[in-house]
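Please look through this two-part note with the model open beside you.

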Amino acid sequence: MNLKSIIIIVTVYLSLILNSNSLVIGSDENEILIDANFSGKDLLVFGAFYADPSQPREKKGDILIEVVGPKEDIVLRKKESFLGFWLNAKSVKFRDVPSFYYLSSTSKLKDSFFEKNSIGLLETDQLPEVNWSLITTEWGTVSSDEEKQEFYEALVRNKTYENVFKQTSEEIEILDGNLFKTNIPIPNTVPVGTYDVNLYLILNNKISKDYSYKFKVRRIGIESIIFNFANSFPLLYGFTSLVIALIIGWISADLFRRFRKA
Amino acid sequence: MSIYLPIAEISINIFLLISLGGVVGFLSGMFGLGGGFLMTPLLIFIGIPTNVAVATSANQIVASSVSGAIGHWRQGLVDIKMGGVLLSGGILGSIVGVKFFDYLSNIGQIDAVISVLYFALLFSIGALMLIESSQVIRDRIRKKTVKKKLHYHNWAHRLPFKTKFYTSKLYISVIPPIIIGFVIGILSGTMGIGGSFILIPAMIYFLGMPTSKVIGTSLFQIIFITAIVTLLHATTTFALDAVLAVILIISSVVGAQVGVITANKLRGEDLRALLAIIVLVVAVQIAAELFIQPDDVFNFSHMANYK
């Protein structure tokens, strides 16, 4: 364990002594950097919570961790069979969808809790299945409620499949009763931007304490330079890429001609 | 070892990319083809987004055509005037092709259209190559030599705006080469190919150009067409991935040289039969994806993902 962690844990304990029912967070990092070797990362979130230690485990409260990525606009398309071809037919636009969503708790929480506190995107046991209040949709030709529901489910399913939506109640590890630790897998497909991490201490089905912080995902190094160049000066970028192609093509022709002569 | 591609926004195994570039380069060197028609679908297979595959493939073809054209140029086998006329149609065609591509991306049909076009293209190339090579193999077994016509006289010689092409020793109308260039330009912009396998037979059979000048001239004009397609994609779809391009260019030029050396040591028709089968397999694979019901009929894409 490094010095940083020790300092954090000491701070955590000190603040626990001074407060009852408290929640303290020590986060590993507040930046994820995408470079040429980026292949995803585990975000470490840890901290401590305090509830009456004389109580049994289930009365001590639960920890809920929510990570919400920057918003994005999405077109969801449905393929239909057309003369034997599977072609995109109907489409629905979803605006302000979190590009990344992760929800983790120490035990399975009731849907009524999520509903009451408007937390969550992936509740599956009730209708409407998703907390869509913050998402704008353009339905286009889709009109029936049944079909809308189908699109909702497909969005969550596709996002889950890409490992950018996840809900779990198994990934938070509790150490010695008061400390918790979890690794949140951030896949290599996540967009750049600011991510919110929200932590809640839940006692008796109510939020007792909450804590939020942000971390940033950004490109660095050559990846960042190329991306910005391509988007800010597309023509110049195209020309540069062309010149590289011309030079390599020219050199290779020359090199191999000499090589064959020799 | 993975590398993160800045425009495709995915991380992918670098050795997979190098071997893909090397194999396509090898095949193109061996058969004297551009290889774009294999590069684009293979890139899509390994998970590169369609728009990035098309734009980057065009950029890679610029390098391989320059590399090939230099040799022909030195031997005086490039008909610049014919190349220029083809190009005048080709520029217009490539603009139409990239606009068409952009339009299809926006309405969500680009993947299906690309699949249909590639299936049609690969299936016809594969079938033609298989027929041609099996005939040559049959003739070889029967010890027959095939005589080829040197010059075709057809409708291309009867249209107006006739002009002299000294290098090719032709006196034909400029309309057929402009139309051919235009069509190839559209295909290039939409599919990220150079189009030499369509261009070469068209130049021989429709225009009646001498076979010796055809390859150099087609390579010459493909340099410019794919260069324009690259620029148009960089500025319209923002899908050109320079990192991916450099990896593919270097691996494919090396592969191409190995291919040229190998081709000199082996019998052409046997290899062409083999390539024909590979091409047909890729075509069937593409068709299967179109006709078989997908696991999930829903798919999503990001809006305005260019910015």
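**Notes on the model**

1. Start with chain A. Of its contacts with a separation of 6 or more, 67% join residues 24 or more positions apart. Two residues are in contact if their C-beta atoms, placed from the backbone, lie within 7 Å.

2. Keep the ground rules in mind. This is a predicted model, in which local features need pLDDT of at least 70 and side-chain atom pairs count only at pLDDT 80 or more, while totals for chains, interfaces and linings use all residues. Residues are numbered from 1 along each chain as its sequence is written, and chains are lettered from A and ligands numbered from 1 in the order in which they are written.

3. Chain A has five helices and 13 strands. Both are DSSP runs, numbered from the N terminus: helices are H or I with at least four residues, strands are E with at least two. Buried residues make up 28% of the 262 residues in chain A. Buried means that 20 or more other C-beta atoms lie within 10 Å of the residue's own, with C-beta atoms placed from the backbone.

4. Now the interface. Here 46 residues of chain B are in contact with 48 residues of chain A. The chain B side has 29 nonpolar, 15 polar and two charged residues. Ala, Val, Leu, Ile, Met, Phe, Trp, Tyr, Cys and Pro count as nonpolar; Asp, Glu, Lys and Arg as charged; the others, Gly among them, as polar.

5. Which strand of chain A pairs with β5(B)? Strand β5 of chain A (residues 71-82) does, in the antiparallel sense over five bridges. Strands pair if DSSP finds at least two bridges between them. A:V75 stands opposite B:S301, and A:R77 has B:N299 as its bridge partner.

6. Step back to the whole sheet. It is open and antiparallel, with four strands in the order β8(A)-β6(A)-β5(A)-β5(B). The edge strands are β8 (136-138) of chain A and β5 of chain B, each pairing on one side only. The twist averages 25° from one strand to the next.

7. Finally, a helix pair in chain B. Helix α4 (residues 80-107) packs with α8(B) at about 30°, their axes 9 Å apart. Therefore α4(B) is roughly parallel to α8(B), a term for angles under 35 degrees. Axes are lines fitted to C-alpha atoms, for helices over the stretch in contact, and angles run from 0 to 180 degrees between N-to-C directions. The residues of this contact divide into 12 nonpolar, seven polar and one charged.

Notes. A residue is buried if 20 or more other C-beta atoms lie within 10 Å of its own, exposed if 12 or fewer, and partly exposed in between; C-beta atoms are placed from the backbone. Angles under 35 degrees count as roughly parallel, over 145 as roughly antiparallel, 65 to 115 as roughly perpendicular and the rest as oblique.
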